[in-house]
Amino acid sequence: MRILIVEDEYTSRKLLKAILSDYGECDTAPDGKSGLEAFKSALVEGRPYGLVCLDIMMPVMDGHEALRAIREAEAEHGIRAQDEVKVIMVTAINDPVTVVKAYYQGGVAAYIPKPIEVDSLISILKDLEIIS
């Protein structure tokens, strides 16, 4: 499985990569715009990502904008809703409105707060049947 980690905070990006590297090939991006470019390139190459970890608050393009653009790119490539990439939103924001927006407007599979707890992330991956 290919995994894309889109996170502007260096430490969180490295932690996610260290955890997720055991489960697949990980690419990283420091902001939503470069993450979107990597996502689109993977679609064009026929090597799509199976998981995207996406921070909400980032420079250049925030996580909500990036998620919307990811879903648009999938639609342009004929990817059906049930086959969309699983997205886990990662954020320090403890705001229910932001979480609801991500779930219902963007089709997010899960949400994990910062600081990232390894056990919580592994549990989410199991719940989503990304790992066994």
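**Note on helix packing in the predicted model**

1. The crossing of α1 and α5 is right-handed, a crossing being right-handed if the near helix is turned clockwise from the far one by less than a right angle, and left-handed if anticlockwise. The two axes come within 11 Å and cross at roughly 55 degrees. Axes here are lines fitted to C-alpha atoms, for helices over the stretch in contact, with angles from 0 to 180 degrees between N-to-C directions. α1 and α5 are therefore oblique to each other; angles under 35 degrees count as roughly parallel, over 145 as roughly antiparallel, 65 to 115 as roughly perpendicular and the rest as oblique.

2. This is a predicted model, in which local features need pLDDT of at least 70 and side-chain atom pairs count only at pLDDT 80 or more, while totals for chains, interfaces and linings use all residues. Residues are numbered from 1 along each chain as its sequence is written, and side-chain values use heavy atoms, with hydrogens and water left out.

3. The protein chain has five helices and five strands, arranged along the sequence as β-α-β-α-β-α-β-α-β-α. Helices (H or I, at least four residues) and strands (E, at least two) are DSSP runs numbered from the N terminus. Of the 132 residues in the protein chain, 47% are buried. Buried means under 20% relative accessible area, exposed over 50% and partly exposed in between (1.4 Å probe, protein chains only). Among contacts in the protein chain with a separation of 6 or more, 60% are between residues 24 or more positions apart; contact means heavy atoms within 4.5 Å.

4. Where α1 meets α5, Leu16, Ile19 and Leu20 of α1 touch Val118, Leu121, Ile122 and Leu125 of α5. By class, this contact has seven nonpolar, no polar and no charged residues. Ala, Val, Leu, Ile, Met, Phe, Trp, Tyr, Cys and Pro count as nonpolar, Asp, Glu, Lys and Arg as charged, and the others, Gly among them, as polar.

5. Helix α5 (residues 118-127) has Leu121, Ile122, Ile124 and Leu125 as its buried residues. They span an arc of only 160 degrees around the axis, which puts them on the same side of α5; the arc is that of the directions from the helix axis to the C-beta atoms. Their cover includes α1 (10-20), β3 (51-55), β4 (86-91) and β5 (110-113). On the face of α5 turned away from the buried side are the exposed residues Asp119 and Asp127. Just after α5, glutamate 129 takes a positive phi of about 60 degrees.

6. Lysine 14 lies in α1 and, at 43% relative accessibility, counts as partly exposed. Its C-alpha atom is separated by 8.8 Å from that of threonine 28, 14 residues apart along the chain.

7. The axes of α2 (residues 32-45) and α3 (residues 63-76) come within 10 Å and cross at roughly 15 degrees. These helices are therefore roughly parallel to each other, and their crossing is right-handed. Gly32, Leu36, Phe39, Lys40 and Leu43 in α2 meet Ala66, Ala69, Ile70, Ala73 and Glu74 in α3. Seven nonpolar, one polar and two charged residues make up this contact.

8. Leucine 43 of α2 has 11% relative accessibility and so counts as buried. Apart from neighbours within four places in sequence, leucine 43 is in contact with Pro48, Ala73, Glu74, His77 and Ile79. The C-alpha atoms of leucine 43 and glutamate 74 are separated by 8.0 Å, although the two residues are 31 residues apart along the chain.
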